[in-house]
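Subject: Structure for your review

Dear colleague,

Please find below the structure that I am handing over to you, together with its sequence. My notes on its charged side chains follow.

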Amino acid sequence: MTEATAPRIDIDVQETVPTIYYQVAMPQPETHLFEVSLQIVNHTSSILDLKMPVWTPGSYLVREYAKNLQDFAAFAGDKPLSWRKISKNHWQIHTNNVSQITVKYRIFANELSVRTNHLDATHGYFNGAALFLRLLGCDHLPIRITVIPPYPQWEVTTALPTMGEQSHTFYAADFDTLVDSPFEVGEHQVYHFDVLGKPHELAIWGQGNFQVQPLISDIEKIVQVEAQMFGGLPYDRYIFLVHLFAQAYGGLEHKNCCSLIYQRFGFRTQDKYERFIQLLAHEFFHLWNVKRIRPKALEVFNYDEESYTPSLWFCEGTTSYYDLLIPLRAGIYDAKSYLNYWNKEITRFLTTPGRKVQSLAESSFDAWIKLYRPDANSGNSQISYYLKGEMVSLLLDLLIRARHRNQRSLDDVMRQMWHEFGQPEIGYTPEQLQAIIESVAGVNLTEFFESYIDGTEELPFNQYLEPFGLRLVIEKEEEPYLGIKVHTDNGREMIKFVEAGSPAQLAGIDAGDELLAIAGIKVTSHQLSDRLKDYQPSDTIEVTIFHQDELRTLSVTLGQPRSTKYQVIAVNDPNTIQQENFAGWLGMPLSTIG
């Protein structure tokens, strides 16, 4: 959507408070440099403090956006003003008591992700936290932003309303709103459609094999299902910003839009297309859960440092639970496909050793230093709050549904959280979250939270699946246990992960080693499983590797086979209650899953 069709507003400039005006230009997009000009009018202090955010809401990692800022300068008219840098992201300008100040700087933008900036000959994309300096003490003030495209055919798409009749000029009510409103500038494709009487846009940058009308039809279904769950849409206009690029994958939520990045040729096969729909359903669900229903620690954003909460499992994990369920409710896939997705998720969870080491609450709390910074030992010591949060949300939904014969569900938890915290936009504490879940479930969940959220006890899937006529089974593994994961990297067979306590680790094999041979014969990542099937548990084999460029041959004693695949199937002869519970949960007969 271009600014020509965006909502317009007019504001009166008050002479008693500072006014903030940003200009963003990109005269040579091939250089990857945004040229930013900040003008402050009615400044009354002898010192002006400016800070660059270190992170962006929704992505819990300090990314040090100031590292991309260069060529900082400050002026009063044409006269330079003296300034100094106070810290990594803090600039202080001596204003000489002038009331109008101009600050200029450039931002290097060559990282294509949903939370950073990217500028090249094809487009410009930027996020507020990664581009704009904050005026300390002025976060509550309105901001005007003018974008100057490098070419006349480039247009601007953003969720911000346009300001008056000024070309490419937009209005943000405050700094939080500016941070929450990414910009796409270029010749991207924009498609308009209405859902429930409100305008929506699908803006796509990059070529791909998507079919726009079926895609929009499915997006409309997702919007309708989620709106029905919460009783309407909490915005006047919404934009889906999509970047198509190589093998990328990710999303970032905002109040009135979302940014999605996906592989350009990932729309033809049904499973890859459904993965994109799940990503979109996830980020759209966030406009309720996270953007408006959010933990107390994130009620007011601190752009200078981390904000810790043990509740990211509910923010992200519960949203992940719904990103599988919403497309089912929308009729995009059936219950059999839905459970197949669960097979993959449960397998991923139960084959992550770190689930026994790190609790869900700890995973949430330590997101800032762990989730976004994986290392060779992460699989052994960590569990994703997305993944385990999704598992726990499944158990909670099944618990509530089984106790109340589908008359209550996790949907009711979400609705109550929306009414009590989301609509008034006040943060919740972990205790308040637990209290609402308990009130809907009608049972004390202290033991559940202590065991599965604050603790590391194994999740009892079958206990919660059985009332719905389902059970989790293990697919028998044939190969003896070695304990490594190998990927081909530029023709080399690199060991990416070594499980703690495995035969491989005990023999001295490390992540980062290059696998060369078993029993003196070359082996690749694709051949490894079949080669191991030629041996029995307790057999000792010779494994040849390069370890830090040193050739080594190690003796490894293989262990008993380990389960690597799990499947949810129907129980034999389900009773009437089980069949009713299943149909009430997934809207289809239990017999449909075969």
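Glu-35 has a relative accessible area of 32%, which lies between the limits of 20% for buried and 50% for exposed residues, so Glu-35 counts as partly exposed. Please bear in mind that this model is predicted. The side chain of Glu-35 forms a salt bridge with that of Arg-106, with 3.8 Å from N to O. This pair connects distant parts of the chain, since Glu-35 belongs to strand 3 (residues 33-41) and Arg-106 to strand 9 (residues 100-108), 71 residues apart. Arg-106 is likewise partly exposed, at a relative accessible area of 29%.

A salt bridge joins the side chains of Arg-237 and Glu-201, at 3.5 Å from N to O. Distant parts of the chain are linked here as well: Arg-237 sits in the loop between helix 3 (212-230) and strand 20 (238-244), while Glu-201 lies in strand 19 (residues 198-205), 36 residues apart. Are these two residues buried or exposed? Both Arg-237 and Glu-201 are buried.

Glu-425 and Arg-294 also meet through their side chains in a salt bridge, with an N to O distance of 3.9 Å. Glu-425 is placed in the loop between helix 10 (410-422) and helix 11 (430-441), and Arg-294 in the loop between helix 4 (270-285) and helix 5 (312-329); the pair thus links distant parts of the chain, 131 residues apart. With a relative accessibility of 28%, Glu-425 is partly exposed. Arg-294 has a relative accessible area of 10%, and because this is under 20%, Arg-294 is classed as buried.

Some salt bridges share partners, and in this way Lys-51, Arg-134, Asp-139 and Asp-304 are joined into one network.

Which residues gather in a patch of negative charge on the surface? They are Glu-447, Glu-450, Asp-454 and Glu-457. One of them, Glu-450, is located in helix 12 (residues 446-452). Its relative accessibility is 51%, and because the cut-off for exposed is over 50%, Glu-450 counts as exposed.

Yours sincerely,
A colleague

Key
Residues numbered from 1 in each chain as written. Predicted model: local features only at pLDDT ≥ 70, side-chain atom pairs only at ≥ 80, totals over all residues. Heavy atoms only, no water. Patch = residues over 30% accessible without salt bridge, like charges linked within 9 Å, V, L, I, M, F, W, Y side chains within 5 Å. Areas by Shrake-Rupley, 256 points an atom, 1.4 Å probe, with all protein chains shown as cover. Salt bridge = Lys/Arg side-chain N within 4 Å of Asp/Glu carboxyl O. Lys, Arg positive; Asp, Glu negative; His and termini not counted. Charge placed at Lys NZ, Arg CZ, Asp CG, Glu CD. Helix = DSSP H or I, 4+ residues; strand = E, 2+ residues; numbered from the N terminus. Buried < 20%, exposed > 50% of the residue type's maximum accessible area, 1.4 Å probe, protein only.
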